[in-house]
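Dear colleague,

I am handing over the structure below, and after it you will find my notes on what was found. Please read them with the structure open beside you.

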Amino acid sequence: MNLMNQNYEQLIFLQDRSIGFKAIIAIDNTTLGPALGGCRMWHYASDEAAVLDALRLARGMTYKSAVSGIPYGGGKAVILSHSDQGPRQMLFRALGHKIDELQGTYITGMDLGTTVSDMDWVHFETSFVTDTSGSLGAVNELTAKMTAYGVFLGIQASLKRAYGSESIQHKIIAVQGLGKVGFQLCRFLKHAGAKLIVSDINPARLRKAVEEFGADPRKPGDILSVPCDVLSPCALGGILNDTTVSKLNCTIIAGAANNQLLEARHGKLLHDMDILYAPDYVINAGGIIVTSVELEGGNAAAAQKIVERIGDTLTHVFHTSDAQGISTAAAADWIAEQLLGR
Ligand SMILES: NC(=O)c1ccc[n+]([C@@H]2O[C@H](COP(=O)([O-])OP(=O)(O)OC[C@H]3O[C@@H](n4cnc5c(N)ncnc54)[C@H](O)[C@@H]3O)[C@@H](O)[C@H]2O)c1
């Protein structure tokens, strides 16, 4: 990988051997405001894989903020997880110390593998952190709820585009992943009259969804190929790839998971197969909207008002895709690039 060819603003490598701390901060773009994006703590196969992940996630945040109309740029932090690390508080305080030196260019928060208490440790060192105890997003899991609500509205907009009506009544919707977002999404969908098919690697969560929603459970390996109107990926990224795309049996893909397309070309593949793909960073922006409203001192109602624009943003993406004859994924990127003035 030639790092100098990547179009980012800053790539920062951090290391403190005494506490087994190794981290990366990627600041993709600050044209529209300070770079916003959570901190992931993950085990990577190599340092290079971690750098690539940080850069890709940071770019996704730039685009997500731009299309959502919030005054922030994109960034991401990654702490490389390994066996001989010091106590978590030391790792997150080390990260916080560096973030403070950046004087607000980058603002962090929670992501995969990190928690509210980790953000509290970051907060010991800097105020450029969200998702701390008592924050707007952390209380009653507002971030996840608003993400689920945005996905629900995005599913309605996608149904309207594919079937001419946004009605969810009797539509078959397959939800992969019943965590904080997926479970809440099922609540909205069930209430609107959907027939749910669900899957989770966690048997307790699966059982709960069957009991609460009368959902039809499937094995994790089967959910992506079930015949359905909408497939809603709410677990991991990279699930739309060479192996899975040919097995899909849905009209629409609209879910919360980040980086659903393994590679950009898979967006084109879906387009050629006439499957309507709701670009992930457009439909799952509810969480970052809560964070941005929190940073501006707003409340849950203010956040909801912005989340309610997600359906219209998605419709704009679909129109752009039609007008330019490009995939919805490429159309979303094009809109974001325009907003960034590039
Ligand atoms: N929480 C948010 O506000 C938010 C915001 C934007 C995007 N996202 C993205 O949405 C996705 C879900 O987020 P979350 O907060 O609900 O996470 P979570 O960890 O609470 O839930 C993920 C669920 O997926 C399940 N799962 C994992 N692998 C699976 C598989 N192969 N098949 C079926 N189920 C599987 C897990 O058991 C878990 O129940 C993630 O990709 C996340 O990055 C979340």
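Strand β5 is covered on both faces, with G73, G75, A77 and I79 buried on one side and G74, K76, V78 and L80 buried on the other; here a residue is buried if 20 or more other C-beta atoms, placed from the backbone, lie within 10 Å of its own. Because 8 of the 8 residues of β5 are buried, the strand is largely enclosed by the rest of the structure. In a regular strand the side chains alternate between the two faces of the sheet.

Please bear in mind that this is a predicted model, in which local features need pLDDT of at least 70 and side-chain atom pairs count only at pLDDT 80 or more, whereas totals for chains, interfaces and linings use all residues. Residues are numbered from 1 along each chain as its sequence is written. Helices (H or I, at least four residues) and strands (E, at least two) are DSSP runs, numbered from the N terminus.

As for the partners of β5, where two strands pair if DSSP finds at least two bridges between them, strand β2 (residues 21-29) pairs with β5 in the antiparallel sense over 6 bridges, and N29 stands opposite G74. Strand β3 (residues 35-36) runs parallel to β5 and is joined to it by 2 bridges, with A35 opposite G73. Strand β4 (residues 39-42) is also parallel to β5, through 4 bridges, and M41 stands opposite I79. From β4 the chain crosses through helix α1 (residues 47-68) to β5 in a right-handed β-α-β crossover, meaning that, with the strands pointing away from the viewer, the path from the first strand over the helix to the second runs clockwise.

Within β5 (residues 73-80) lies K76, at which UniProt, in an unreviewed entry, places the feature "active site"; such annotations may be inferred rather than shown by experiment. K76 is buried, with 28 other C-beta atoms within 10 Å. Leaving aside neighbours within four places in sequence, the residues in contact with K76 (C-beta atoms within 7 Å) include A26, G37, R40 and M61.

Elsewhere, an open sheet of 6 parallel-paired strands has the order β9-β8-β7-β10-β11-β12. Since β9 (216-217) and β12 (276-277) stand at the edges, each with a single partner strand, one side of each is left without a neighbour in the sheet. Strands β10 (residues 228-233) and β11 (residues 250-253) pair in the parallel sense over 3 bridges, and V230 stands opposite I252.

With best wishes

Methods
A residue is buried if 20 or more other C-beta atoms lie within 10 Å of its own, exposed if 12 or fewer, and partly exposed in between; C-beta atoms are placed from the backbone. Two residues are in contact if their C-beta atoms, placed from the backbone, lie within 7 Å.
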